Amino acid sequence: MTDRDAPRQLLGDSMHLKYSRQMLFAGIGEQGQQRLLASSAVVVGCGAIGGAAAALLVRAGVGRVRVVDRDFVEPSNLQRQTLFDEDDARTALPKAVAAERKLRAINNSVAVEGLVRDLHPGNAADLLSGCDLILDGTDNFETRFLINDYAVKSACPWIYAAAVASYGVTMTVRPGRTACLACLLESSPNGHGLEETCDTVGILGPVVSLIASLEAAEALKLLAGREQALHGRLISSDVWSGHFQSVRVAQNPACRACARRNFSYLQGQAQPHITLCGRDSVQIHERGRTLDLGALRVRLAATVSDVRHNEFLLCFRAEPYQMTIFADGRAILKGTKDPAIARSLYARYIGA
Ligand SMILES: [Zn+2]
């Protein structure tokens with residue numbers, strides 16, 4: 001037997017073929033591949049960065065990949081959210097459902113689980129536990145600090161990743177070994193940085209791919225047991241100006257989260273009933289009830305326009321607003337930032 005044949009003894013032929021080029025890379029090898037196949041990751045938010053990172057992990061053969069997302073696919077997503085297509089937008093599929101279908105089609109050896117859920121303090125342990133690594137695909141700091149609290153408390157590594165306009169950042173957090181997100185952002189007088197959002201200053205597809213690739217590479221190192229290869233730095237880059245920067249971030253000895261273990265985001269107050277999500281949108285949180293979306297469609301048909309409905313959600317226009325209702329009673333209203341208007345629209349069309 002030659003050296004080239006040797007790995008076939010450990011991995012089955014089809015797996016060997018599928019991952020042959022990745023195993024040839026010295027940093028992974030067959031042992032690294034076996035560890036990837038036995039590993040698991042949860043991606044929170046599967047829009048732009050999360051969707052691209054999830055696809056890279058699934059192609060690489062990470063054994064179990066869970067994606068959690070609260071939103072549905074819209075035409076304005078397709079310019080940068082590479083997991084989705086025109087059909088997904090036309091049928092307003094939840095992103096977690098569309099992502100699960102695409103990811104399974106990409107690699108059927110991976111156990112992919114798509115969950116249409118909004119991550120909050122009450123369900124964080126449910127949605128994030130049982131995985132070796134958490135990847136940030138979210139679009140807001142409230143959720144990132146919640147992930148950071150959960151990860152630090154439970155000693156689970158996670159990877160922060162964010163992008164707006166042509167600029168993005170990423171940093172791997174290994175609780176107890178590296179700085180955490182609170183070390184990085186809460187000690188700075190400038191607060192969270194990146195206060196702009198894709199809804200206000202836009203975003204370029206290429207910076208999404210870049211940041212997702214950096215995030216996925218760190219994930220492969222961690223999941224393949226190659227911790228020595230982690231770069232341990234905050235990387236920021238701007239694909240428009242060509243500016244790239246990589247800096248070491250020190251642990252803050254007085255950090256709220258990793259030093260004082262005050263997990264205020266995780267302990268959270270009870271989930272508020274209504275929160276802002278993006279520019280000109282509000283979310284009304286799930287009410288622990290099950291709606292009959294088909295019956296609701298029939299009831300609304302005469303009073304609203306542009307009604308679309310699938311097994312997961314119902315969306316319609318009631319000018320100047322657009323409403324999307326999920327089967328658990330959760331709703332996203334576009335066209336207002338005013339909680340009172342949102343509450344009144346919800347009561348009018350869905351019931352209080
Ligand atoms: Zn910290």
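This is a predicted model: local features need pLDDT of at least 70, side-chain atom pairs count only at pLDDT 80 or more; totals for chains, interfaces and linings use all residues.

Student: Good. How many residues sit between the strands in the hairpin of S7 and S8, and which residue takes a positive phi there?

Tutor: That hairpin has 4 residues between its strands, and Gly242 takes a positive phi near 80°.

Student: And how many bridges join S7 to S8, parallel or antiparallel?

Tutor: The two strands run antiparallel, with 5 bridges between S7 and S8 (residues 243-247).

Student: Why is S7 described as largely enclosed?

Tutor: Strand S7 (residues 234-238) has 5 of its 5 residues buried, so the rest of the structure largely encloses it.

Student: Which way do the S7 residues point?

Tutor: Leu234, Ser236 and Asp238 point one way from S7, while Ile235 and Ser237 point the other way. All of them are buried.

Student: Switching to the metal: which residues are the protein donors of the zinc ion?

Tutor: The donors are the SG atoms of Cys180, Cys183, Cys255 and Cys258, lying 2.2 to 2.3 Å from the zinc ion.

Student: What geometry does the site of the zinc ion have?

Tutor: The site is tetrahedral, with angles of 96 to 121° among the 4 donor atoms. Along the sequence, the donor residues are spaced C-x2-C-x71-C-x2-C.

Student: Where do Cys180 and Cys255 sit?

Tutor: Cys180 is in the loop between S6 and helix H9 (181-185), and Cys255 is in the loop between S8 and helix H12 (264-267). The pair links distant parts of the chain, 75 residues apart.

Student: Are Cys180 and Cys255 buried or exposed?

Tutor: Both Cys180 and Cys255 are buried.

Student: Okay, helices now. Which residues are buried in H3?

Tutor: In helix H3 (residues 29-37), the buried residues are Gly29, Glu30, Gly32, Gln33 and Leu36. Seen down the axis of H3, they fall within an arc of 160°, so they line one face of the helix.

Student: What do the buried residues of H3 pack against?

Tutor: They pack against helix H2 (20-24), helix H4 (48-60) and helix H11 (205-223).

Student: I've also marked Ser213. Where is Ser213 placed?

Tutor: Ser213 is in helix H11. Ser213 is partly exposed, with a relative accessible area of 37%. A polar atom of the Ser213 side chain lies 2.8 Å from the backbone oxygen of Ser209.

Student: Last one, Gln283: buried or exposed?

Tutor: Gln283 is buried, with a relative accessible area of 0%. Its place is in strand S10 (residues 281-284).

Student: Which side chains make polar contacts with the side chain of Gln283?

Tutor: There is a polar contact of 3.4 Å between the side chains of Gln283 and Asp118. The side chain of Arg330 makes a polar contact of 2.7 Å with the side chain of Gln283. Beyond neighbours within four places in sequence, Gln283 is in contact with several residues, including Arg70, His273 and Ile332.

Key:
Residues are numbered from 1 along each chain as its sequence is written. Side-chain values use heavy atoms; hydrogens and water are left out. Buried means under 20% relative accessible area, exposed over 50%, partly exposed in between (1.4 Å probe, protein chains only). Two strands pair if DSSP finds at least two bridges between them. Donors are N, O and S atoms within 2.8 Å of the metal (3.2 Å for Na, K and Ca); water is not among the atoms, so sites may look incomplete. Four donors count as tetrahedral if all angles lie between 85 and 135 degrees; four count as square planar and six as octahedral if opposite donors are over 155 degrees apart and all others between 65 and 115; anything else is irregular. The arc is that of the directions from the helix axis to the C-beta atoms. Contact means heavy atoms within 4.5 Å. A polar contact is a pair of N or O atoms within 3.5 Å; within protein, one must be able to donate a hydrogen and the other to accept it, and residues adjacent in sequence count only if both atoms are side-chain atoms.
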